[in-house]
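Here is a short report for a reader new to this structure. Take a look at the model before reading on.

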Amino acid sequence: PRSMSVPGVLAVSHVQYYTLDDPPPPVLPRPAWRRPLLCVLFGATLMVCGHLAYTKGSLAEASAYFVRSAHMPRSVRILPPDRFVPPHHASHAPLHHAFDAQADPEAARPLEKMTVADLRTELKLRGLPTSGLKAVLVERLTAARASEHESVPAEANLEVDPTASQGGSDRAETSRPIDELARTFEEELRQYNSHTNVYSTKAYDKLGFHIGDSLQLAKMTGLGRVLDLGSGSGLPSALIAGSDASKQVIAVESKSRKTRFLEHLRERLQLPNYHILTEDANELCRRYQFAVEYVTAKAFKKLPEVVKVARSCIAGATTLIIPISNNQVPEARQMGARVVQEGEFIYFMMQIQPSKATAGREIFRGQH
């Protein structure tokens, strides 16, 4: 229609009519590879479900595990409710208290309730065979745990006379006053940290706790030789060496700025028994094995990774002692370790055997 202009009426200048005369688009045939792909995906799903059912014990448990894990990060491991251990607060804890599977049988999960995958993981951490039915795995792990608790050294029991940790008059002659050692270490650390970053200034309020933690760990290592992985700013390696001049301590740290501080500490504290290596622990342990009685690691790696690295470093049976937090207690118990608490300090303790890969490696003798 032509353009109109009528008062009160919307003006219309142009009208265009459209008709849908085009034919509909053709229906494409389904790709020939679609059905085989679906079959492959379906078969893979069945294989995954079958594997989970085998490792978890039942298809229902495997399905529940799969559904729960799908909504959580891969780094988070789901623990059953019976593995949860409530935190122990230092203000309510007794001064001498050891809580482990022997002291509290209900706290540890029965091996019969563990899945085959968990049993094999525990056996693998101890360097034991992982083949066999579940009953065989349970029997093998039960024997391993029993031998671990029987072979824990006297220093680990903590329910002893505090003077016994000094090791008699001979050791007292080689030891320096603990208060003086702690004060000197803190002064040197703060002064050195003012121009070279080796310790977070935001953690100064927790420095006293970490020094006390390291000094308590020094008592637990007795008179044996100590290998400290990831020594960082000298906690606990420098304090272990400073607490007893007759104790040989090897500190392994990959960052050169931190090992320079450790060398500074060795000079200022006069620690000829303190041996410092600027090496990556994983690389060093691929070349050498260490004949030590104790391995320590503070804030080095996750507990399973520390156990793996420590087993690759040692030449014989060794006690692994790691300072841990309340939040790590459930994981430590799940791994079958002995959890020891002394006041506000908590420690992961486990007897470990060298891995098969260490056989034939050169024993470290101070030069490399």
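How are H6 and H7 oriented to each other? They are oblique, and the reason lies in their angle, which therefore comes up below.

## Basis of the model

This is a predicted model, in which local features need pLDDT of at least 70, side-chain atom pairs count only at pLDDT 80 or more, and totals for chains, interfaces and linings use all residues. Residues are numbered from 1 along each chain as its sequence is written, and side-chain values use heavy atoms, with hydrogens and water left out.

Helices (H or I, at least four residues) and strands (E, at least two) are DSSP runs, numbered from the N terminus.

## H6 against H7

Helix H6 covers residues 178-193. Helix H7 covers residues 207-220. The two pack at an angle of about 135 degrees, and their axes lie 11 Å apart. Axes are lines fitted to C-alpha atoms, for helices over the stretch in contact; angles run from 0 to 180 degrees between N-to-C directions. Under 35 degrees counts as roughly parallel, over 145 as roughly antiparallel, 65 to 115 as roughly perpendicular, and the rest as oblique.

H6 passes H7 in a right-handed crossing. A crossing is right-handed if the near helix is turned clockwise from the far one by less than a right angle, and left-handed if anticlockwise. Contact means heavy atoms within 4.5 Å. On the H7 side, Leu-207, Ile-211 and Leu-215 take part. Their partners in H6 include Leu-181, Phe-185 and Leu-189. By class, the contact has eight nonpolar, no polar and two charged residues. Ala, Val, Leu, Ile, Met, Phe, Trp, Tyr, Cys and Pro count as nonpolar; Asp, Glu, Lys and Arg as charged; the others, Gly among them, as polar.

## H6 against H9

H6 also packs with H9, at about 140 degrees and with axes 11 Å apart. This crossing is right-handed too. Among the contact residues are Thr-184 and Tyr-192 of H6, and Phe-261 and His-264 of H9. The contact divides into seven nonpolar, two polar and four charged residues.

## Strands S3 and S4

Strands S3 (residues 249-253) and S4 (residues 274-278) run parallel, joined by five bridges. Strands pair if DSSP finds at least two bridges between them. Ile-250 has His-275 in S4 as its bridge partner.

## Two backbone details

Leu-235 and Pro-236 are joined by a cis peptide bond, with omega about 10 degrees. Pro-236 sits in the loop between S2 and H8. Gln-270, not a glycine, has a positive phi of about 55 degrees. Its loop lies between H9 and S4.
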